[in-house]
Amino acid sequence: MCCGESEIGISDDNSGIMEITDDVPLGTDIKTIYDVDDIIFEVDNKSLTNRPDLWGHYGIAREFAALAGRELKPLDVDELSVYDDLPSVDMKIEDKLCKRYSTIKVENISRSISPVNIRIRLYYCGMRAINFLADLTNYLMLEMGQPMHAFDSRKVEKIRIKRFDTPFTFKTLDGVERNIDENTLMICNDNTPVAIAGIMGGLDSEIVEDTTTLTLESANFDAASVRKSTVRLSHRTDASMRYEKSLDPEMTVPAIGRFLYLLKKYDSGAKVVSRLTDEYAEKFPPVTLSFDQSFVDRYTGIKIDSETIIKTLTGLGFKAVYENGKYTVDVPSWRITKDVTMNADIIEEITRIYGYDNFEVNTTRSPLYPVRMTAVKTNEEKMKDLLVKRFALHEVHSYVWAYNDELKALGIEIEPNIKLANATNPNIETLRNSMIPTQLCQIKSNVSYAPEFGIFEIGRVINGVDENGLCIEHKKLAVTLFSKTSDIKTLYFRLRDIIAALASDIKHAEPEFVRAEPSHSYEHPVNLNKIILDGRDIGIMGIVHPVVNKNIDKKANIVFAEIDVDMFAESKDNGIVYDEPSKYPSIDYDLSLDLPKDIFYSDLRKCWENKGFDILKGTGVIDTYDTDTIHRMTVRFEFSSNERTLSSAEVQEIINKIISNLNDINVVVPNMIQ
């Protein structure tokens, strides 16, 4: 039956019937002359991404040989030394980002279409056939893992590898104009760019149908440079993905030898017209590791004999010697670029080939100790339990950066802080110095969730860098309350009660609230307080700025608090103190006080605390009244004794002293209610 190549499944070409140009008898099974039948090995190899030697079939074959205990067959290559008397290629490395550059010239190339088997193998590996020379470079990249590039020698005479001081545009093989900056390494014909190093060649120097001469490139470039260039250009190729893994620079010359062998095999008239021109700018230092048998036994927990270890390492390409109970191992060039650097890496090589399934399962002999939680972690858990169980707040989680667009929409200024280098999204390039703006964005996203709710999070903020250039991180607790039903006064005192409960239940202490000046655009210019615990400023509590509040929901009220978790943990724990309840009745006095504008409850407490009033057992604010001209607060005083029933006279005596102290700070007591 006459079939096209696409119908047989060996290419995407459906232009017509496949032409068999080879001289074969009629009736011959096509599978006996072409590699149509394929054997697929499915490799579940988690280390593939960080093993540059496994990005080629030959590297995988080396692993198979070691696993099966078989010898790895060498690749057939052309002997390059026979060309030493020929002239060299005019080539020079002018930038340290190129570690090695190997090149050779070939003329009298007559073949333009690849052999069927090469085209089949490329197709099976997910690549399309282009022309004979381009197909050979792709074939070698898949086989050995070494990217190569063939230039038309008519268009490339003087090869220079360098960067340019000024940006320009460059059209690549795919026909796309790309912006090249001063950090992108280029392959040039003297001063004219012809390829982006390690990524893609240029359209003007590509191999075409009438190409009969080529200049072959086999090079090694800095892995980080190639990776960064692909990000800037938004263009990753099969070649760049391999260079990003830190390829072995020792592979450039063998790859040329392999290319010439295949070229001559399928195009016998091809003629090499230059010597191998090779500039090795930077070599990876050799790695030699030494360890004894006890090191292997300790790390593996089993006994693996020296013969097995030497055989395993030798099969993987290592040079291993065992003498006087000590192993000396030379790491092969294809493993030193980013993989095997210390003795523990050798243990992994031994055990993975030996087989983890062959390890005997034993109970560990190491003692297991309970994990002791730090004071900070203990406080965090207590905080979360209290906020969720008692106050029904919702815990949220967020990222450490500030959301520029969302904050600008709320009218919150983006404050200068540490920025992310090469941020993929400018909306998240600045790290946050407070968690409250983040929570206000979360409130905005949930205003339709319920008429009233509260959220909290324990997370991190960044405040500049230290003398070592490291970010200064602080762990904070942020709490934000939202309500369409409660007035701002009720909501504010509810938040105050939450803060007081945290201090009381965890540290058995009472916090103080001191007037603070706003330092952020989301803070109310008047209603803002510092939170003082154990004499230290541990946080802030306030009302959201009216403009920000309106941008979120003009019919709602929003309050917030932010506490430094580390400072809270370092505060003194006063412990639980138990007082025996008195069997005698107590007496309550309520004082209604007219306050000057600059007097707060923390100032009032100084009028009765530590004054020797033993029978005064407790005080608290039970009501407030504020207008533009009147600032009134009602304070309740509780008196009791465990020894006797108190008389009105002795209670009144203390009240009179308190009133006198209040008068000294210009606090007026217009009336007194018993």
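Predicted model: local features only at pLDDT ≥ 70, side-chain atom pairs only at ≥ 80, totals over all residues.
Reader: OK. What is the strand order in the open sheet of 7 strands?
Author: The order is S16-S17-S18-S22-S21-S20-S19. The pairing is mixed.

Reader: Which strands stand at the edges?
Author: Strand S16 (394-395) and strand S19 (512-515). Each has a single partner strand, so one side of each is left without a neighbour in the sheet.

Reader: How many bridges are there between S17 and S18?
Author: There are 12. S17 covers residues 452-465, S18 covers residues 471-483, and the two pair in the antiparallel sense.

Reader: Which helix lies across S17, S18 and S19?
Author: Helix H14, residues 488-507. H14 also lies across S20 (523-533), S21 (536-544) and S22 (557-564). Its angle to S22 is about 25 degrees.

Reader: Zoom in on S20. Is leucine 528 buried or exposed?
Author: Leucine 528 lies in strand S20. Its relative accessibility is 1%, so leucine 528 counts as buried.

Reader: What does leucine 528 touch, leaving out residues up to four places away in sequence?
Author: Its contacts include Tyr492, Val514, Pro518, Ile540, Met541 and Phe560. Charged side chains turn up too, among them Arg515 and Glu517.

Reader: And how far is leucine 528 from isoleucine 543 in space?
Author: 6.6 Å, C-alpha to C-alpha. In sequence they are 15 residues apart.

Reader: Phe560 came up. Which aromatic pair is phenylalanine 560 in?
Author: Phenylalanine 560 pairs with tyrosine 522. The pair is edge-to-face, 5.6 Å centre to centre, with 70 degrees between the planes. Tyrosine 522 sits in the loop between S19 and S20, and phenylalanine 560 in strand S22. The pair links distant parts of the chain, 38 residues apart. Both residues are buried.

Reader: How many aromatic pairs does the count come to?
Author: 16. Another one joins phenylalanine 291 and phenylalanine 295. That pair is tilted, at 5.9 Å centre to centre and 45 degrees between the planes. Both of these phenylalanines are buried.

Reader: Which residues do ring pairs link into a cluster with Phe291 and Phe295?
Author: Tyr299, Tyr322 and Tyr327.

Reader: Switching to helices. How do H13 and H15 pack?
Author: H13 (residues 436-445) and H15 (residues 546-553) pack at about 30 degrees, with axes 9 Å apart. That makes H13 roughly parallel to H15.

Reader: Which residues make the contact?
Author: From H13, Leu440, Ile443 and Lys444. From H15, Val548, Asn551 and Ile552. By class, that is 4 nonpolar, 1 polar and 1 charged.

Reader: Now glutamate 209. Where is it, and is it buried or exposed?
Author: Glutamate 209 is in the loop between S9 (200-201) and S10 (214-221). At 77% relative accessibility, glutamate 209 counts as exposed. Its C-alpha is 32 Å from that of phenylalanine 164, 45 residues apart along the chain.

Reader: Last topic, S25. Which strand forms a hairpin with S25?
Author: S24, with 4 residues between them. S24 (residues 616-626) runs antiparallel to S25, joined by 9 bridges. Tyrosine 625 stands opposite arginine 632 in S25.

Reader: How many bridges pair S23 with S25?
Author: 8, again in the antiparallel sense. S23 covers residues 587-594 and S25 covers residues 631-639. Isoleucine 587 stands opposite phenylalanine 639 in S25.

Methods: Residues numbered from 1 in each chain as written. Heavy atoms only, no water. Pairing = 2+ DSSP bridges. Contact = heavy atoms within 4.5 Å. Axes fitted to C-alpha atoms, helices over the stretch in contact; angles between N-to-C directions. Parallel < 35°, antiparallel > 145°, perpendicular 65-115°, else oblique. Phe/Tyr/Trp six-rings, centres within 6.5 Å; stacked < 30°, edge-to-face > 60°. Buried < 20%, exposed > 50% of the residue type's maximum accessible area, 1.4 Å probe, protein only.
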